[in-house]
Structures are given as structure tokens and as C-alpha cells.
Amino acid sequence: MSGRFEASVTPLDGLLVLTRRKMADERGFLSRLFCEDDLAAFGWQGRLVQLNETGTTFKGTVRGMHFQRSPHAEIKLVSCTRGRILDVAVDIREDSPTFLRHFAIELSEDNACSLLIPKGFAHGFQALTDDVRMIYAHSEPYAAEAEGGLNPEDPALALNWPLPVINLSPRDAAHPLLSPDYRGVAA
């Protein structure tokens, strides 16, 4: 536990589930979504350079699997503040013993969990409810020339989306499928 966050390790080195400690009384609650000092203990390096909110209208919608290549690779802190999602991170570090393995966890407004995603991971999610809201904290600014992605329906990734996939963007659907011996993600 560091400040307002408690960390749980995952099977993928560096990928952490953070549980936010809520301060509550009869008026409601406060939940800290980001604190550079607290998160440094869990691997956050650098500044918070972007804070984005997304809204997803329909359950079943899948967004991802996105990443940025070096030198623009980023650390992300992902939180769901309305509804529920299945959040997924895929290890794309070519020298990692867990290369192309994934970790998935439900994030919701009720469980107060966030996923701290280090550099070298692709990220995506599926909305499990209608009207999902998410907050993303980024350690690097978005760089279109460094953008990359994996196809979220690629059988080689073995991502088991709990709902039928809908509303996949043309960009996400166009990412090629990986061959069984693929080692060229180069995050």
C-alpha cells in the first residue's frame, strides 16, 4: 500500500492492478485517480502528460489493442468510472518470457480498481455495460507516427471477450493477424 493505492501483482512482470482507497462519509466519497508520488512506488516514471476520458455507448464494444512504439512508448493508468469493462493488456516486449501473453480484469465504478500498464504492452477493453466512462493517464503524449496495434480478434492472442464483439473500429479490425512465430511488434 502506498498512500491511496494498494497494488496486486499479475502474472505479467510490471503489470499491476491498483485498488483505490475511497474516503467516504454520509455525503459520498473521494477516490484519488492519480498521484505521481504514490504511483512512483509502483513504477510510474516521468510526468503525467495527458489525461483522457472516453465514453463507450454500447456493451459489447471493443476498443484496442493499442500501443505506441519507442521512443514514444508510454505508461498508462486506466480506470473505469462508470459501468463495467473487461480491461486487457498484452505483453509485447520481445525479450519477455511472457511475450504475447495477456492479462484481463474487470474494472468498474464499484470495484475501484485501475490497471497500471508499463511500457511494452498493448491495451484494449470490452464494455460490459452500456454507457461506460473511462479515465486514462499517460506518461507520454500521443504520437501518431508511433501508433501500433494488435487485432483484438486475433486467435493467436487467445483473448476471450465475454460478449460478442461489436462496434470494432475499421482501424482496429484492419490490424493484421499474427503468425504463430511472430516476434516483430517492437514496442
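This is a predicted model: local features need pLDDT of at least 70, side-chain atom pairs count only at pLDDT 80 or more; totals for chains, interfaces and linings use all residues.
**Nonpolar cores**
- The largest nonpolar core has 19 residues, and the members touching the most other members are Leu15, Ile85, Phe103, Leu107, Leu115 and Met134.
- Two or more residues of this core come from each of S7 (76-82), S8 (84-91), S9 (102-108), S10 (113-117), S11 and S12 (132-138).
- There's also a second, separate core of 17 residues, with Leu86, Leu150, Leu168 and Leu178 among them.
- In soluble globular proteins, nonpolar side chains tend to be buried together.
- What does Leu107 touch, leaving out residues up to four places away in sequence? Its contacts are Val78, Cys80, Gly83, Arg84, Ile85, Asp87, Cys113, Ser114 and Leu115.

**The largest pocket**
- This pocket holds about 420 Å³ of space.
- Its lining runs to 20 residues, and His66, Lys76, Tyr136, His138 and Arg171 lie nearest the centre.
- Strands S5 (50-56), S6, S11 and S12 each give two or more residues to the lining, and so does helix H2 (170-173).
- S6 supplies the largest share, five residues.
- By residue type, the pocket lining splits into four nonpolar, 10 polar and six charged.

**The cavity**
- How many cavities of 30 Å³ or more turn up? The count is one.
- About 80 Å³ of space lies in the largest cavity.
- Its lining is made of 14 residues, with Phe67, Gln68, Glu74, Lys76 and Phe121 nearest the centre.
- Strands S6 (62-68) and S11 (121-127) each put at least two residues into that lining.
- The cavity lining divides into seven nonpolar, four polar and three charged residues.
- Lys76 shows up in both places: it is listed among the residues nearest the centre of the largest cavity and among those nearest the centre of the largest pocket.

- Is Thr98 buried or exposed? Thr98 counts as buried because its relative accessible area is 9%, and the cut-off for buried is under 20%.
- Not counting residues up to four places away in sequence, Thr98 touches Pro11, Leu12, Asp91 and Arg93.
- Thr98 and Asp13 are 85 residues apart in sequence, yet their C-alpha atoms are 8.2 Å apart in space.
- Leu100 has a positive phi of about 70° although it isn't a glycine, and at 17% relative accessible area Leu100 is buried.

**Other backbone spots to look at**
- The peptide bond from Gly64 to Met65 is cis, with omega near 15°, and Met65 lies in strand S6.
- Another cis peptide bond joins Ser70 and Pro71, with omega about 10°; Pro71 lies in the loop between S6 and S7.
- Asn167 is not a glycine either, but has a positive phi of about 55°.
- You'll find Asn167 in the loop between strand S13 (147-149) and H2, where Asn167 counts as partly exposed at 49% relative accessibility.

Technical notes
Residues are numbered from 1 along each chain as its sequence is written. Side-chain values use heavy atoms; hydrogens and water are left out. On a 1 Å grid over the protein atoms alone, a cavity is a set of points where a 1.4 Å probe fits but cannot get out, and a pocket is an open set with protein on both sides within 12 Å along at least five of seven lines; lining residues have an atom within 4 Å of a point. Grid points are joined across faces, edges and corners, and a volume is the space filled by probe spheres set on the points. Helices (H or I, at least four residues) and strands (E, at least two) are DSSP runs, numbered from the N terminus. Ala, Val, Leu, Ile, Met, Phe, Trp, Tyr, Cys and Pro count as nonpolar, Asp, Glu, Lys and Arg as charged, and the others, Gly among them, as polar. A nonpolar core is a set of buried Ala, Val, Leu, Ile, Met, Phe, Trp, Tyr and Cys residues joined through side-chain atoms within 4.5 Å. Buried means under 20% relative accessible area, exposed over 50%, partly exposed in between (1.4 Å probe, protein chains only). Contact means heavy atoms within 4.5 Å.
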